[in-house]
Amino acid sequence: MPRPITAVIHRQALQNNLAVVRKAMPNSKVFAVVKANAYGHGIERVYEAFKAADGFALLDLDEAKRIRALGWTGQILLLEGIFSPQDLFDCVQYQLSFTIHSEEQIEWVQKHPYPAQFDICLKMNSGMNRLGFKPQQYVQAWERLNNLANVSKITHMMHFSDADGDRFGQQGIDYQITAFEDIIKDLPGERSVSNSAAILRYQDQLKSDYARSGIMLYGSSPDYPTHSIADWGLQPTMSLRSEIISVQHLDANESVGYGSNFVAEQPMTIGIVACGYADGYQRISPTGTPVLVDSVRTRTVGRISMDMLAVDLTGIDSAKVGSEVVLWGQSSTGVILPIDDVAVSSGTVGYELMCAVTARVQFINQV
Ligand SMILES: *Cc1c(COP(=O)(O)O)cnc(C)c1O
């Protein structure tokens with residue numbers, strides 16, 4: 001028998017979540033963002049559900065090639081663009097659209113030696129200050145590209161820094177939209193401006209021909225705890241499941257695990273679960289991080305080890321060796337532990353948890 005830890009990928013949930021994007025942005029082309037190996041799910045595992053999208057967006061050429069190998073003939077967008085002039089040969093061969101965010105990238109396109117028809121997203125730095133041309137440099141960059149014979153299409157692109165938060169109050173995305181629209185209003189071309197948080201929260205005020213949906217497709221709420229996945233109609237797409245492999249009884253004042261940092265106040269029963277940080281569960285997760293045992297919500301106790309963690313079995317009389325443990329996602333009876341609950345307890349976001357699951361975890365597709 002393999003170690004009992006598995007990551008179950010739920011195809012119906014992936015389809016449901018894609019439909020939520022379509023409903024939110026009915027007039028936009030919907031791109032499924034599948035960077036980081038589909039947010040840890042595995043590109044090949046999400047492809048069946050996401051081939052109903054209008055395109056795929058990602059970062060790595062290798063991932064783009066994997067999507068072509070699956071038979072996808074539609075659009076693929078490289079979100080960080082090309083990393084060297086050589087990458088342009090792959091863009092031609094695999095028909096990849098790509099972002100242009102720097103002067104260097106414009107020069108590489110300009111110097112590309114063979115005839116080509118590049119499909120480009122020109123990125124404006126409208127306030128995030130990671131990639132792109134500042135508003136005052138944008139028109140000049142656009143004109144340079146527009147004059148190149150090997151550029152066939154230019155889409156205006158930007159990325160929100162605060163669509164998920166309330167730091168700017170009501171203006172979470174307004175200042176960026178204003179900076180963007182002021183510059184591009186007189187230029188021809190489509191717009192690509194929306195991540196999950198913007199799609200869900202600002203669909204009414206977004207002008208975007210493309211939706212670039214990532215995290216919402218994978219059943220995590222971009223603005224948790226303001227909104228949960230249930231609020232948005234999203235479903236968990238990955239369930240990290242394992243089993244209890246040992247049951248221990250603690251007397252009062254006995255501890256569990258390294259550092260003895262959890263001490264029982266009264267006699268209690270705990271379960272040892274075949275899951276640890278070498279499976280991708282965050283070591284930083286403190287006592288009290290939520291978990292399901294036999295579909296009942298309980299908590300972790302003590303420090304997370306490399307291969308094991310402990311859970312409180314108080315009040316779960318059915319629990320025994322072999323009981324199902326859900327670290328996040330859905331139990332086999334359909335009870336949900338949102339990945340966002342676990343992430344908040346661990347001081348992180350659902351994105352990081354789902355990307356962190358390691359190669360030794362067996363992945364299973366569930367239709
Ligand atoms: C990752 C990414 C997205 C998707 O963001 P989510 O918050 O996961 O929806 C959209 N656009 C760009 C440029 C990205 O890098």
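**Exercise 1. Find what the buried residues of helix H4 pack against, and work out how they are arranged.**

Step 1. Start with the partners: the buried residues of H4 pack against helix H2 (35-39), helix H3 (43-50), strand E3 (55-58), strand E4 (75-78) and helix H5 (87-93). Contact here means heavy atoms within 4.5 Å. Helices (H or I, at least four residues) and strands (E, at least two) are DSSP runs, numbered from the N terminus.

A word on the model: it is predicted, so local features need pLDDT of at least 70 and side-chain atom pairs pLDDT 80 or more, while totals for chains, interfaces and linings use all residues. Residues are numbered from 1 along each chain as its sequence is written, and side-chain values use heavy atoms, without hydrogens and water.

Step 2. Now list the buried residues. In H4 (residues 61-69) they are Leu61, Glu63, Ala64, Ile67 and Arg68. They cover an arc of only 160 degrees around the axis, which puts them on the same side of H4. The arc is that of the directions from the helix axis to the C-beta atoms. Buried means under 20% relative accessible area, exposed over 50%, and partly exposed in between (1.4 Å probe, protein chains only).

Step 3. Recall the helix geometry: an α-helix has 3.6 residues a turn, so residues three or four places apart point the same way.

Step 4. Turn to the other face. Away from the buried side, H4 carries the exposed residues Asp62 and Ala69. After the helix comes Gly71, with a positive phi near 105 degrees.

**Exercise 2. Decide whether Thr6 is buried or exposed, and find its contacts.**

Step 1. Locate Thr6 in strand E1 (residues 6-10).

Step 2. Check its relative accessible area: at 13%, Thr6 is buried.

Step 3. Set aside neighbours within four places in sequence. Thr6 is then in contact with Ser239, Leu240, Arg241, Val361, Gln362 and Ile364.

**Exercise 3. Describe the surroundings of the ligand and its polar contacts.**

Step 1. Collect the surrounding residues, those with a heavy atom within 4 Å. Among them are Val33, Lys35, Leu79, Met157, Asn195, Arg212 and Ile215.

Step 2. A ligand oxygen is 2.5 Å from an N or O atom in the side chain of Tyr39. Tyr351 has a polar side-chain atom 2.6 Å from an oxygen of the ligand, and His159 has one 3.5 Å from a ligand nitrogen.

Step 3. Consider the surface. Taken alone, the ligand exposes 380 Å², and the protein buries 92% of that.

Technical notes. A polar contact is a pair of N or O atoms within 3.5 Å; within protein, one must be able to donate a hydrogen and the other to accept it, and residues adjacent in sequence count only if both atoms are side-chain atoms. Accessible areas come from the Shrake-Rupley method with a 1.4 Å probe; for residues, only the protein chains shown count as cover.
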